[in-house]
Amino acid sequence: MNMTIVTSVYDSPCFLKEWIDSVRRQGFRNILVGVDGEECDIEAIKKSCQGVAKILVSKKHVGIPTMFNSLFSIVDDEYVYKLDCDDV
């Protein structure tokens, strides 16, 4: 089954590394992280995602629904699962 797991980050990515590790432990490899605005700590997000997750960065804060719609629009897999990044 082809599935992409998506999440959106705004402000602080405090649980992102743990979230990615949890998703990978469950066997998922297609991970997409949306960064909702450039005021986020993009370097910390890149470090957390390094080599294991793709990143989509929005230039300005657009809100959760718009960010997820943007993420959904670029997924090629048959299934997409939305998981909040603090759901570790």
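## Pockets: definition and basis

On a 1 Å grid over the protein atoms alone, a pocket is an open set of points where a 1.4 Å probe fits, with protein on both sides within 12 Å along at least five of seven lines; a lining residue has an atom within 4 Å of a point. Grid points are joined across faces, edges and corners, and the volume is the space filled by probe spheres set on the points.

The model is predicted: local features need pLDDT of at least 70, side-chain atom pairs count only at pLDDT 80 or more, and totals for chains, interfaces and linings use all residues. Residues are numbered from 1 along each chain as its sequence is written, and side-chain values use heavy atoms, with hydrogens and water left out.

## Second largest pocket

The second largest pocket has a volume of about 160 Å³. Its lining comprises 11 residues, and those nearest the pocket centre are S8, V9, Y10, I64 and C85. Strand 1 (3–9) and helix 3 (64–73) are the elements that give two or more residues to this lining. Helices (H or I, at least four residues) and strands (E, at least two) are DSSP runs, numbered from the N terminus.

By class, the lining of the second largest pocket holds five nonpolar, three polar and three charged residues. In this scheme Ala, Val, Leu, Ile, Met, Phe, Trp, Tyr, Cys and Pro are nonpolar, Asp, Glu, Lys and Arg are charged, and the others, Gly among them, are polar.

## Largest pocket

The largest pocket contains about 240 Å³ of space. Its lining is made of T4, R29, N30, I31, L32, V52, A53, K54, I74, V75, D76 and D77. Strand 2 (residues 30–36) is the top contributor, giving three residues to the lining of the largest pocket.

Which classes make up the lining of the largest pocket? There are six nonpolar, two polar and four charged residues.

## Overall fold

Three helices and four strands are present in the chain. In sequence order they follow the pattern β-α-β-α-β-α-β. Along the principal axes, the C-alpha atoms of the chain fill a box of roughly 35 × 25 × 20 Å. The radius of gyration of the chain is 12 Å, which agrees with the value near 12 Å for a compact globule of 88 residues. That radius is taken over C-alpha atoms, and the globule rule is 2.2 Å times the number of residues to the power 0.38.

Of the 88 residues, 39% count as buried. Buried means under 20% relative accessible area, exposed over 50%, and partly exposed in between (1.4 Å probe, protein chains only). The accessible surface of the chain is about 5,500 Å², and 48% of this belongs to carbon and sulfur atoms. Accessible areas come from the Shrake-Rupley method with a 1.4 Å probe; for residues, only the protein chains shown count as cover. Among contacts in the chain with a separation of 6 or more, 65% join residues 24 or more positions apart. Contact here means heavy atoms within 4.5 Å.

C85 counts as buried because its relative accessibility is 15%. Residues up to four places away in sequence aside, C85 touches T7, S8, V9, F15, L16 and W19.

G34 lies in strand 2. Its relative accessibility is 0%, so G34 counts as buried. Not counting residues up to four places away in sequence, G34 touches T7, S8, V9, L56, M67 and L71. G34 and I64 are 30 residues apart in sequence, and their C-alpha atoms are 9.5 Å apart.

C49 belongs to helix 2 (residues 42–49). With 2% relative accessibility, C49 counts as buried. Beyond residues up to four places away in sequence, C49 touches L16, I20, V33 and I55. From C49 to K17 the C-alpha separation is 7.3 Å, at 32 residues apart in sequence.

## A partly exposed residue: I55

I55 is located in strand 3 (residues 54–58). Is I55 buried or partly exposed? I55 counts as partly exposed, because its relative accessibility is 33%.

Leaving aside neighbours within four places in sequence, I55 is in contact with L32, V33, V35, I45, K46 and C49. I55 and I45 are 10 residues apart along the chain, and 8.6 Å separates their C-alpha atoms.
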